[in-house]
Structures are given as C-alpha cells and as structure tokens.
Amino acid sequence: MPDLGLEVLFKGKNLARLLGGLWTALRISLLSVAISLPLGVLLGVLMTRNNRFVKALLQFYLNFIRIMPQMVLLFIVYFGSTRAFGWDISGEAASVIVFTLWGTAEMSDLVRGALISIPRHQYESAEALGMSKSQTSLYIIIPQAVRRLIPLSINLVTRMIKTTSLILMIGVVEVLKVSQQIIEANRMSSPNAAFGVYLSVFLLYFFACWPISLLAGRLEKKWS
Amino acid sequence: MDEVILSVKNLVKRFDDNTILNGISFDVRRGEVIVVLGPSGCGKSTLLRCLNALEPIQGGEIFLNGQAVDSAAKDLTGLRQQIGMVFQSYELFPHMSVLNNILIAPVQVQKRQREEVRAEALQLLERVGLREKQNSFPRELSGGQKQRVAIVRALCMHPEVLLLDEITAALDPEMVREVLDVVLNLAREGKTMLIVTHELSFARAIADRVLFIDGGKIVEQGKPADFFDHPQTERAKQFLRTFEYESVK
Ligand SMILES: Nc1ncnc2c1ncn2[C@@H]1O[C@H](COP(=O)(O)OP(=O)(O)OP(=O)(O)O)[C@@H](O)[C@H]1O
Ligand SMILES: [Mg+2]
C-alpha cells in the first residue's frame, strides 16, 4: 500500500488544528452571511423601485464587486486600507468586510431577480380580491419570492465557504494555512504528508458544504 | 331586475397617445348578464380592468352602487371586494393549496371567520365538482380545474358583479364545457356578470344583452337574438362573418 501520509493527521494535535482552521473559515462565512442577508434584501428591494439614481448606484456597486477578483478586494481592504488610513484591522475582520461586500452584492441581485420573476398578474389578482399593497406583499409576493430565494441563497453560502480558502493570502490561519503549516513541519518525518493533509481538507470542505447543497436541492424540489 | 348596480358614463381610456376606449357608456342592472364582444385589440380586457380600477381612466366616470370607482378612490379595496374578476390565465397563487387560495381574501381582507368561509368554500367546490381537490396545489390541477377554482375564489368574496375575461381562451377544447357550465349555472341563479368571450354560442345562450365594441365605442348593443341574427351595422356583420367558414369543396 502506498504511503498516503495519513499518519501525520494523528500526530500531536494536527487533526484538531485542521478542524480549528475549518471553523475559522466557517465562522467568517457565517458572520458575513448573517450581515449580507438583511443588507442584500434591503438593496434588492431598492433595486426594484423606480428610482433611477439609486438603481444606477446599486448596479455600479454590483458590477464593481463582480469584476474585482475577491483576492484583489482582500488585498485592498487588508493591506491598502490599513496603509492609507492608518488603522489596524485583523485579517479576520478584513475578510468579514470583503465577504460582506461581496455577499451583499450577490444577495441583492438574487432578491431583485426573485422579485421581478413574479408575474405582474399575481399582483393584479391579489388586488382584484381587494388586498391592500401591504397584504399583497405579505401574503402573495414575499412568500413566493422567499421560496425562490432560499435555495439560491444557500448556494451563495456554499460559494462563500469555498472562497474563504483565499484568506490565507492575508495571513488568516484557516484550514488551508493550517495544512501548509502541518506539511512544512513534517517535511522530514513524513514527506508524503501533502496527500493525506489535502485529502482531509477536501473531505472537510465536502462535509461542510454537502449538507447545505443537499438542503438547497430539497427545498428547490419541494417548492418548484 | 331594474336596480342599476354598475354605471359607466363616457369612459375614456388612453395608453399614452393611443385612445383605446373613447366614450363608453352603459348600465348594468342587478341580475343582468352582459356579454362584451369585439375584434381582438378593441379594448375588451382594458374595459374590464378599468371597471375594478386595475387601470386608471382618463375621462368619464364609473359608479358601483353609486360609489365612484377610480384608481385614486379612497376605499379602493372596499370597492374591489364588490367586484369579482376572473382572468384568462387563472392566476391562482401557486404557493397555496386550493382551499387557501379561496380563503385568503375573505379571511384576511373581509375579516370573516375562517370556519364559516371554509364551510362555504367547500360547498362551492362541491358544486363545481372539486371538493376532493381542496388540499391540492394549483400545479396539480388541469387548466379547467384551475379556472373553476378561480371562479370559486371570486364567488367566495360575495361580489356584486363578476367580471370574466376570456376565461376559457387558454383551455383545451374538452375543458371549455366544464367551465362554461359553471358560468351558466351562476347566470341561472341570478348573478350579475360582465363576460368577455369568443365562444359565440355560449354568448348567445347566456347573454341578456350584448355590447359590441369597435374603434373605442359601443357600435351596437341589444338582445343576443337580434344581434346575432340581425346585426344592424356593417362592422358587426363583418365581425360575425369572421367566425363563419365557407365550404372549401
Ligand atoms: N399596458 C398597456 N400599455 C399600452 N397599450 C396597451 C396596454 N394594454 C393594452 N394596450 C393596448 O390596448 C389595446 C386594447 O387591448 P385589450 O387587451 O383591451 O384588447 P382586447 O379587446 O381584450 O383584445 P383580445 O380580444 O385580443 O383580448 C391594444 O391595442 C393593446 O395593444
Ligand atoms: Mg383581452
């Protein structure tokens, strides 16, 4: 049997360190999601209003965030802004800021899409039944928009978790960074550690995201 | 049956510079069934939409039981509860069961007791042959079934007038009958209705009065037998001819 370098995992606290790294990544994603969701809903609703100026501004924000590679955003916030403004933020805080900017932009687009995908006739048949604007939103439009939105926003969460692998570039010790450290430290004693360690990283990401994707798929089927 | 429920006076409707309805006047009396006919694009749907203020109007007046109907009316939702509307494309709420589609407005808008409305809804569903579908979702129903639910949904609000806009136009031919039978029964019970349809034999059977609209005006109106057998105007004759086929042999 080839040496897969799995034994490194059981040396000292390596496995616990890997899990700790994963937790850092998850913590950053979940915190960013928690902030992005309400902000994204707010901006998404604003985008469907008929204010040209607000629309143009939000469109610019969305495109700007989409065009920028996340890595560049991380560098701007972590290295650029600390130099320029002389403040001191941790890598983790910088990551939360960038992921929130990104999550809010993507979420607002999902919300806008969900809202405009509801046919005009749904509003009209609610109004024809005598519903007020707020009753129409509450009973007819929002429940339908939310059903379309939930699977999509869950996918956004998994994308976010995956993208956290970038934050090692600004010195946050997340799961990939821990892996590199373990591999470095065991270069002599187990030269094949890379395979074992990265395999476990693969599995960790898989088991963090898979249940979430599964849930999204379920909900999508249930509500289609 | 002489009490006027709905009164339309000199109605003008424009989309930008495009005048669609140009001085339409008519009265609807309690228990009357009026069929609105006219070539495609003449403004039949627009007329019905004006009647429950889904479209703002540019001139004239509409009164329902003496109350002015327009999109700025202060009790617009109250007015709309008295006017039931059924659309060509059913427009059931896809996230609600059949029963909830029917109950939502009476319970939330009219604040009636859920149990009382439920009993009424089930009775109406029974009558249109759909009681066993009460817990189904719209996506599980055929077009004809959806349209019957939409009619029950409108009826459960106890409207004074029912507006039906080509409610069979999107249906497969074999489902048209089941829906039209429901409407015929409503007519027998004395429901006041304004019906837009392309089913001429149905129109003839159900109408107390036919309104023929063309070029933004009521060109001709009268009893169905007169209108269909002895149309007075060239435009009405031409319209009726488009439904006839010459033999090809
Ligand atoms: N929202 C709108 N904006 C601009 N024009 C409109 C709008 N709605 C309808 N129209 C125009 O008004 C005219 C009348 O439309 P309407 O739908 O009332 O006709 P209709 O008699 O119901 O026709 P059909 O028999 O095909 O259903 C058409 O020329 C249509 O293009
Ligand atoms: Mg029409």
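A residue counts as buried when its relative accessible area is under 20%, as exposed when that area is over 50%, and as partly exposed in between. The structure described here is a predicted model. By the above scale, Arg241(B), at 45% relative accessibility, is partly exposed. The side chain of Arg241(B) meets that of Glu234(B) in a salt bridge, with an N to O distance of 3.6 Å.

## The six-stranded sheet of chain B

Chain B contains an open sheet of six strands with mixed pairing, ordered E6-E7-E8-E3-E9-E10.

E3(B) and E9(B) run parallel and are joined by four bridges, whereas E9(B) and E10(B) pair in the antiparallel sense over five bridges. Leu211(B) illustrates both pairings: Val36(B) stands opposite Leu211(B) in E9(B), and the bridge partner of Leu211(B) in E10(B) is Gln221(B). Phe212(B), in turn, stands opposite Glu220(B) in E10(B). The hairpin of E9(B) and E10(B) has two residues between the strands, and in this hairpin Gly215(B) takes a positive phi near 60 degrees.

E9(B) is mostly covered, six of its six residues being buried. The cover extends to both faces: Arg209(B), Leu211(B) and Ile213(B) are buried on one side, and Val210(B), Phe212(B) and Asp214(B) on the other.

Helix H6 (residues 173-188) lies across strand E3 (33-37), strand E7 (161-165) and strand E8 (192-196) of chain B, and runs at about 145 degrees to E8(B). Helix H9 (residues 234-241) of chain B packs on the sheet and touches E3, E9 and E10 of chain B; the direction of H9 makes about 100 degrees with that of E9(B).

## The four-stranded sheet of chain B

Another open sheet, of four strands with antiparallel pairing, has the order E2-E1-E4-E5 in chain B. E2 and strand E5 (67-68) of chain B are the edge strands, each pairing on one side only. Strand E4 (residues 59-64) of chain B runs antiparallel to E5(B), and two bridges join them. Phe63(B) stands opposite Ala68(B) in E5(B). Helix H1 (residues 44-51) of chain B lies across strand E1 (4-15), E2 and E4 of chain B, and its direction is at about 120 degrees to E1(B).

## Salt bridges

Over all chains, a search of the whole structure finds 24 salt bridges.

| Arg112(A) | Asp109(A) | 3.4 Å |

Arg209(B) counts as buried at 17% relative accessibility, and Glu32(B) counts as buried at 7%.

In chain A, Arg112(A) and Asp109(A) both lie in helix H4 (residues 91-116), three residues apart, about one turn of the helix. An α-helix has 3.6 residues a turn, so residues three or four places apart point the same way. Arg112(A) is partly exposed, with a relative accessible area of 27%, while Asp109(A) is buried at 17% relative accessibility. Both residues belong to a network of salt bridges that links Arg66(A), Glu106(A), Asp109(A), Arg112(A) and Arg159(A).

## Helix H8 of chain A

Helix H8 (residues 193-223) of chain A has 31 residues, which at 1.5 Å a residue should span 45 Å; the end C-alpha atoms are 45 Å apart, in agreement with this value. H8(A) bends by about 30 degrees at Cys209(A), and a proline, Pro211(A), follows within four residues.

The buried residues of H8(A) include Ala193(A), Val197(A), Val201(A), Leu204(A), Tyr205(A), Cys209(A) and Leu219(A). Among the elements that cover the buried residues of H8(A) are helix H1 (14-48), helix H6 (133-163) and helix H7 (175-185) of chain A.

How values were computed:
Residues numbered from 1 in each chain as written. Chains lettered and ligands numbered in written order. Predicted model: local features only at pLDDT ≥ 70, side-chain atom pairs only at ≥ 80, totals over all residues. Heavy atoms only, no water. Pairing = 2+ DSSP bridges. Contact = heavy atoms within 4.5 Å. Axes fitted to C-alpha atoms, helices over the stretch in contact; angles between N-to-C directions. Salt bridge = Lys/Arg side-chain N within 4 Å of Asp/Glu carboxyl O. Buried < 20%, exposed > 50% of the residue type's maximum accessible area, 1.4 Å probe, protein only. Expected span 1.5 Å × (residues − 1). Bend = angle between axes of the 7 residues up to and from the residue.
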